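Hi everyone, thanks for making time for this. Could you have a look at the structure on the screen while I talk you through a few of its residues?

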Amino acid sequence: MTTRHRAAAATAVSALIIAGAHLIGATAAHADDVKPSTPPGTEPSASAPVPIDSASPGLKIPQGGTLAPAKVLDIAEVVEDLGGEQRRQETNQTVMMALQSEVLFPENSAVFNAQAAARIQAIANEINTQKATRVRVFGFTDDQGTYEHGQELSKQRADAVQAELAKTVTAPGVTYDVRGYSEDYPIADNSTEEGRKKNRRVEITFPRSTGG
């Protein structure tokens, strides 16, 4: 790709973002009670490679309008298994694995079922392969019941997953960021059981290896 083509592509990406495209841890574990300003896992990881002229007539900004800071967002590839029990999302920066709570825990419980350990160990093996040194484990629930109960349950489930991961993750100095978000950041419609099932999940996110 020529310099001219790269600049054109970067400008196109920046223009999309300006138009409103906001789509899109020896072992230690900690939790930060401050909520992120954007849904976890969707933060942009790179700055725009070219400057944007806010006075350019081609932007067609309404009178009085201003530009938000331009950023280049990662392209995400999402793969979900047939039953929707496990979802994998990859960018050029990170891997995120989401497991529905039903495949790990009995209803309204943070105690593992029989198949949970094998699923989590498989993810831990990939963390080892990627040589990741920071792992985020975030729990989520649907909107049934109180927010406070959901927050407690989602954190307990995230804690359980982190503890199981730590049994298999072998890289030294891994830091875990463990949080429970209750019903915040749904990925599906809570008005249906199918949607609520998707929202009841634990997400495990870690950087991709930069090695060749």
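First, a word on where the values come from. This is a predicted model, in which local features need pLDDT of at least 70 and side-chain atom pairs count only at pLDDT 80 or more, while totals for chains, interfaces and linings use all residues. Residues are numbered from 1 along each chain as its sequence is written, and side-chain values use heavy atoms, with hydrogens and water left out.

So, the layout. The protein chain has 4 helices and 9 strands. Both are DSSP runs numbered from the N terminus, with helices being H or I of at least four residues and strands being E of at least two. Starting at the N terminus, the order of elements is α-β-β-β-β-β-β-α-β-α-β-α-β. The chain has 212 residues, and 33% of them count as buried. Buried means under 20% relative accessible area, exposed means over 50%, and partly exposed is in between, using a 1.4 Å probe and protein chains only.

Now to the pair of helices. Two packed helices are described by the angle between their axes and the distance between the axes. Here, α2 and α3 (residues 147–168) pack at about 55 degrees, with axes 8 Å apart. The axes are lines fitted to C-alpha atoms, for helices over the stretch in contact, and the angles run from 0 to 180 degrees between N-to-C directions. Because of that angle, α2 is oblique to α3. For the cut-offs, under 35 degrees is roughly parallel, over 145 roughly antiparallel, 65 to 115 roughly perpendicular, and the rest oblique.

Which residues of α2 and α3 meet? On the α2 side they are Ala 117, Ile 120, Gln 121, Ile 123, Ala 124, Asn 125, Ile 127 and Asn 128, and on the α3 side Val 161, Glu 164, Leu 165 and Thr 168. By class, this contact has 7 nonpolar, 4 polar and 1 charged residues. Nonpolar covers Ala, Val, Leu, Ile, Met, Phe, Trp, Tyr, Cys and Pro; charged covers Asp, Glu, Lys and Arg; the others, Gly among them, are polar.

Let's pick out two residues from that list. Is Glu 164 buried or exposed? Glu 164 sits in α3 and counts as buried because its relative accessibility is 8%. The side chain of Glu 164 makes a polar contact of 3.4 Å with the side chain of Gln 121. A polar contact is a pair of N or O atoms within 3.5 Å; within protein, one must be able to donate a hydrogen and the other to accept it, and residues adjacent in sequence count only if both atoms are side-chain atoms.

Across in α2 we have Ala 124, which is buried, with a relative accessible area of 0%. Not counting residues up to four places away in sequence, Ala 124 touches Leu 165, Thr 168 and Val 169, where contact means heavy atoms within 4.5 Å.

Ser 101 is in the loop between β6 (94–100) and α2 (116–130), and at 2% relative accessibility Ser 101 is buried. A polar atom of the Ser 101 side chain lies 3.3 Å from the backbone nitrogen of Arg 201.

Arg 201 itself is in strand β9 (residues 201–207), and Arg 201 counts as buried too, at 3% relative accessibility. What does the side chain of Arg 201 reach at 3.1 Å? That is the backbone oxygen of Asn 199. The backbone oxygen of Tyr 185 also lies 2.9 Å from a polar atom of the Arg 201 side chain.

Another serine to find is Ser 182, in the loop between β8 (175–180) and α4 (193–199). Ser 182 is buried at 0% relative accessibility, and a polar atom of its side chain lies 3.3 Å from the backbone nitrogen of Gln 151.

Last, a backbone detail. Most residues other than glycine have a negative phi, and most peptide bonds are trans. Lys 131 is not a glycine, yet has a positive phi of about 55 degrees. Lys 131 lies in the loop between α2 and β7 (134–140) and counts as exposed, at 63% relative accessibility. Asn 108 has a positive phi as well, of about 60 degrees, and is placed in the loop between β6 and α2.
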